Each structure stands twice: as structure tokens, then as C-alpha cells.
Amino acid sequence: MLFPDYIFESSWEVCNKVGGIYTVLSTRAKTLQDRLRDHIIFIGPDFDDNENNPYFKEDESLFKDWKNNAVNAGLNIRIGRWNVPGEPIAILVDSTPFYENRDRIYARLWELYKVDSLHGYGDYDEANMFSLAAAKVVESFYNYYLNTANGKNTPKVVYHGNEWMACLGLLYINHRLPQIGTIFTTHATSIGRSIAGNNKPLYQYLHDYNGDQMAAELNMESKHSIEKQTAWNVDCFTTVSDITAVECEELLDKPVDVVLPNGFEDSFVPKGNAFIAKRKAARKTMLKVANALLGEEFDDNTLIIATSGRYEFRNKGIDVFIESLNQLRHDNRLKRKVVAFVEVPGWIAGPRKDLQERLESKRKFTSPLPNPIVTHELHEPDNDRATGMMRYHGIGNEKGDMVKVIFVPCYLDGNDGIFNTPYYNLMPGNDLCVFPSYYEPWGYTPLEAVAFKVPCITTNLAGFGLWARKVLGDKCSIENGVEVVDRDDYNYFEVTDKIKNTILRFSLLDAKKTDVACKAAGQLSKAALWNKFIEYYYKAYDIALTKASKRK
């Protein structure tokens with residue numbers, strides 16, 4: 001198999017933590033860095049306020065001669081290292097200089113690839129100008145260091161772009177540097193996500209949908225167009241799960257060449273006594289917040305449950321989670337107190353001052369704060385869907401309620417003003433995680449949970465759920481670390497009932513059986529480490545380089 005001498009990989013989420021793709025790239029980086037040693041180079045966006053980016057460490061000694069050349073050619077770049085395991089080289093590029101030629105760029109894109117940019121809006125321009133800037137960084141670096149006159153000793157190079165936001169750059173490299181192998185990974189098709197997000201039934205009618213027609217109906221023509229044309233023109237078209245591979249074939253009319261499942265790097269997951277200490281500290285923090293907000297004591301027998309991810313109310317199953325907890329409130333078989341956290345970043349105005357004041361005190365509180373269902377102040381709280389659904393069901397966290405639900409509408413980056421503890425440091429404190437997704441191409445949140453030995457519930461509409469079911473077979477149950485609930489377009493209440501019953505079942509397990517479930521969850525995560533999944537990437541590199549070599 002052909003293997004690249006250099007890999008360039010671009011994404012909007014390089015050194016920019018906004019979603020699951022950040023986790024994909026940042027955890028995979030060490031595996032590739034170990035093999036390529038600084039010949040894996042990530043390219044991400046540079047912003048005006050990026051000087052204090054905690055994920056990026058600038059190093060002005062790297063490629064100093066080329067950087068001067070690139071800057072003189074109009075590329076505003078900073079070079080350094082991504083502050084993740086492996087510390088790979090990262091180049092951040094400012095895309096604003098390309099806006100003035102936007103119309104000419106789009107016209108050329110139409111001429112070469114028939115990409116329709118006329119209907120672009122929102123983040124379309126921002127993503128495409130970054131994508132072009134990233135590709136020009138690759139072009140400049142390649143021509144300065146790697147291009148040879150005779151072509152015999154030219155290094156094998158791959159350019160890998162993630163999501164539709166990298167598409168323009170992939171097409172640019174395909175046209176300008178055909179000797180470079182190109183790989184496009186769609187982590188979720190833009191039109192598939194839009195169909196699901198607009199409350200249309202995706203799965204029952206998937207084989208009947210026409211992607212182009214749906215793009216017109218949902219005002220997604222430009223994003224869909226550039227994604228589809230890139231899928232057809234790159235050397236290797238990939239996605240992250242079997243369920244999304246079907247979506248690609250139906251909506252983009254293009255089968256994927258390789259499925260690249262998302263792995264995990266567990267070097268930062270604490271082991272042994274360190275894990276026990278982390279778990280105790282996390283539970284203490286979460287229950288302290290619960291006491292300060294709710295004015296109620298919670299002992300260590302409290303069942304702590306969480307869901308997390310992007311604030312996609314239906315796609316991520318936040319509605320199902322709240323509905324299940326509401327049903328659990330009225331089930332008299334429940335014998336333990338439950339504190340459930342909904343950890344999804346919303347539009348916050350800042351941490352609640354009254355809650356901060358209580359947390360700064362060493363007292364235990366016996367009376368709740370006003371509105372004891374949310375930890376941070378919200379802009380337009382009347383329009384928030386999570387708290388709105390909780391109020392609709394009468395979830396007010398009253399003293400007599402066995403189930404308490406707390407909305408945490410912020411990024412848990414360690415500086416949120418309430419928990420002040422990073423997400424991965426809080427994760428071990430959970431007893432159970434629930435991710436009842438309707439649209440989830442892979443599902444990093446359940447993989448993260450099991451890596452921290454936290455059993456989880458997910459669905460068969462998540463790539464991770466299908467993978468877990470395949471690996472565990474008949475043993476796929478919450479007692480063995482992961483429960484996968486069957487979900488479709490129409491069985492909402494059946495799903496909520498199954499999740500409620502699974503939570504109840506888990507709450508009734510004795511200490512020994514709970515320990516078995518936790519250990520089984522951790523063991524499952526070992527099968528998803530990058531050293532197991534990286535072979536799929538090697539296959540993609542081989543496909544891309546083989547096609548590129550034929551063009552040479």
C-alpha cells in the first residue's frame with residue numbers, strides 16, 4: 001500500500017474547539033505524528049481574537065524561510081503546534097484577504113466544477129474563503145519544499161479536507177496540484193442534517209429523497225452543490241459510519257470509497273487511583289452545584305446522569321432525554337435520587353451571580369434559588385427549548401421530586417464560572433450517560449463516556465451505536481456497558497419509555513453489577529482506539545495516492 005510522505009489536513013476545527021470534529025482530529029493526531037514526525041501538518045482558521053488561543057502554541061522557528069516567502073505572497077499565517085497529545089504542527093491562516101475576489105473565485109468554481117454558489121448565505125462565504133486560504137497554504141508549502149523538477153523523487157503528498165467547509169480547497173488542489181492525492185471526509189451531509197433538523201422523516205424516505213430537489217426545498221443549494229461536486233471529484237471520498245455511507249449514496253449520488261470510523265486516544269484518561277480521585281472530585285463538584293442551586297442534600301448514592309453535545313434539540317435527542325426523565329419522575333419503582341445534567345452550549349449571558357455567591361460559601365443550603373433548573377443566565381430565556389420543555393412538563397426541581405434536571409448551557413472548558421472544571425474532568429463523576437440521537441453520523445460523546453468507564457445509552461441511528469451493537473452482539477445491554485435503543489422516524493414515545501426503563505434498571509443494580517457494567521464500558525472503548533481504526537485511513541491514503549500517481 002502507498003503511504004504518504006506528507007499529510008496536510010484542514011478543518012474549521014483545527015485549534016478551534018467547536019464540535020466533534022475537533023475531537024476526531026485532535027485525538028488522531030498523536031497516532032499519525034508518531035509515524036510521520038512533523039510530516040503531518042494541520043491547517044485551521046486564524047481569527048482576530050486568536051492571540052490567546054489555548055489550543056495553539058506559536059513557534060516562529062518553524063519553516064521560517066518558507067513563512068517569509070508565503071507572507072510576501074499574501075498569505076497571513078501563524079505556525080506553531082496544536083496543544084494536544086503528539087503536539088503536531090499547525091498552521092493558522094487568515095482568510096479575510098480573499099473576500100475581495102469572492103465573486104471571481106465563485107465564477108471560476110462554476111466554470112471548472114459547476115458548483116452553484118449563487119444561493120450561498122450565512123457561513124457559506126466564511127467557510128469557503130478559509131478553505132481556499134488553507135489550500136493556498138498547501139500549494140505554497142508544496143512548491144517551496146516538495147516539488148522537484150524531474151518528478152522522480154517527489155514526495156507522496158495527501159491533502160485531506162473535513163466537512164463541506166473544506167470543499168473549495170480540495171477542488172482547488174485537485175485542479176492546481178493534480179500530483180497531490182485528495183481525500184474528502186463528510187462527517188454528516190449538509191442536506192441530510194438539514195432534512196433531520198427541519199423535522200422531516202429522514203430514514204423511512206431516504207431511498208426516495210432526491211438530494212438536489214431537497215436542497216432546493218430547504219434553501220441548501222450552494223452547500224449541497226459544493227459538497228456533491230467535491231465528493232465526485234476528489235480521489236477518495238469518505239465518511240465516518242455505515243449509516244452515513246448510505247446517506248451519502250442516496251443524497252449525493254456517490255458511494256463512499258472508505259468508511260473512516262472515529263477512534264479515540266485515551267492517554268489522558270486517568271488510570272487506577274488517579275481515576276478514583278478524579279471521580280470523587282467530579283462528583284463533589286457536581287453535587288455541590290446541585291446543592292447550591294436546589295437547596296437539597298445529595299449523598300454519594302445519588303445517581304448522576306448526563307447528556308451532552310451540540311445544542312441540536314431533536315437531532316441530539318435532548319427532547320427524548322427530558323421526556324424520559326419526566327416519565328422517570330412519576331415511576332414509583334425508582335429508589336434513588338437522580339440528578340441529571342443537560343450539558344449543551346446555549347446562548348448564555350454569563351454565570352448566575354446568585355449561584356456563584358452560594359458556591360463561594362462553605363455552607364450547605366436548604367432552600368432553592370429562583371428558577372432552579374439552569375446554571376447560567378440565558379439570552380431570550382423564553383425561547384430556550386430545553387427549559388421550555390422542562391416547564392411544560394412541570395419539571396421545577398421541587399423538594400419532593402426524586403428526579404432533578406439541571407440545564408448547563410455552556411462550554412465546560414474550565415472557565416464557565418460555575419463548575420470551573422473541564423468536561424473530561426467532570427466525565428468520571430457520572431454514573432450513566434444518555435445520548436438518544438435521531439441524527440448522529442458517529443457519536444463521540446458516547447465513545448468518550450465509555451472511555452471514562454461510564455455506561456451509556458444510545459440509539460441505532462448513531463454510528464457508534466451500530467458499531468457497539470456489532471462488537472458486543474448479544475451482550476449489548478446497559479449491564480454490559482452500552483444499551484442501544486432502536487429509534488426510527490416515528491417511535492418517539494416508545495424510545496422515551498425504553499430509555500426510562502433502562503435508567504431505572506441501571507439504578508437498581510447492586511454495587512457489584514454496577515462495577516461490571518463500568519468495567520465493560522471501559523473495555524469496549526479499547527476496541528475503538530486509534531491504533532485499531534487508523535488502518536482505515538491507511539486504505540484511504542493508498543486510494544488517493546494511487547489515483548494521483550496515475551495522473552502524474
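I began with the terms: helices (H or I, at least four residues) and strands (E, at least two) are DSSP runs that are numbered from the N terminus. With that in hand, I looked at the end of helix 16 and noted that Gly473 follows this helix with a positive phi, near 60 degrees. The model is a predicted one, in which local features need pLDDT of at least 70 and side-chain atom pairs count only at pLDDT 80 or more, while totals for chains, interfaces and linings use all residues. Residues are numbered from 1 along each chain as its sequence is written, and side-chain values use heavy atoms, with hydrogens and water left out.

**Entry: helix 16**

I then asked which residues of helix 16 (residues 463-472) are buried. Taking buried as under 20% relative accessible area, exposed as over 50% and partly exposed as in between (1.4 Å probe, protein chains only), I found Gly463, Phe464, Gly465, Trp467, Ala468 and Leu472 to be buried. These buried residues pack against several elements, including helix 9 (242-251), helix 15 (444-451) and helix 19 (530-551); contact here means heavy atoms within 4.5 Å.

Next I traced an open sheet of six strands, whose order is 14-11-10-15-16-17 with parallel pairing. Strand 14 (403-408) and strand 17 (482-485) stand at the edges with a single partner strand each, so one side of each has no neighbour in the sheet. From one strand to the next the twist averages 20 degrees, where axes are lines fitted to C-alpha atoms, for helices over the stretch in contact, and angles run from 0 to 180 degrees between N-to-C directions.

Two strands pair if DSSP finds at least two bridges between them, and I checked this for strand 10 (residues 303-308) and strand 15 (residues 432-434), which pair in the parallel sense over two bridges. Ala306 has Cys433 in strand 15 as its bridge partner. Helix 11 (residues 318-329) packs on the sheet and touches strand 10, strand 11, strand 14 and strand 15, with its direction at about 165 degrees to that of strand 11. Helix 10 (residues 272-294) lies across strand 10, strand 11 (338-343) and strand 14, and runs at about 100 degrees to strand 14.

**Entry: Ser324**

Beyond its neighbours within four places in sequence, Ser324 is in contact with Thr496, Ile499 and Lys500.

**Entry: Ala70**

I turned to Ala70, which has its place in helix 2 (residues 64-72) and is buried, with a relative accessible area of 0%. Not counting residues up to four places away in sequence, Ala70 touches Leu75, Ile77 and Ser140. The C-alpha atoms of Ala70 and Ser140 are separated by 6.5 Å, although these residues are 70 residues apart along the chain.

**Entry: strands 1 and 2**

Finally, I looked up strand 2 (residues 40-45) and saw that six of its six residues are buried. Strand 1 (residues 6-10) and strand 2 pair in the parallel sense over four bridges, and the bridge partner of Phe8 in strand 2 is Ile41.
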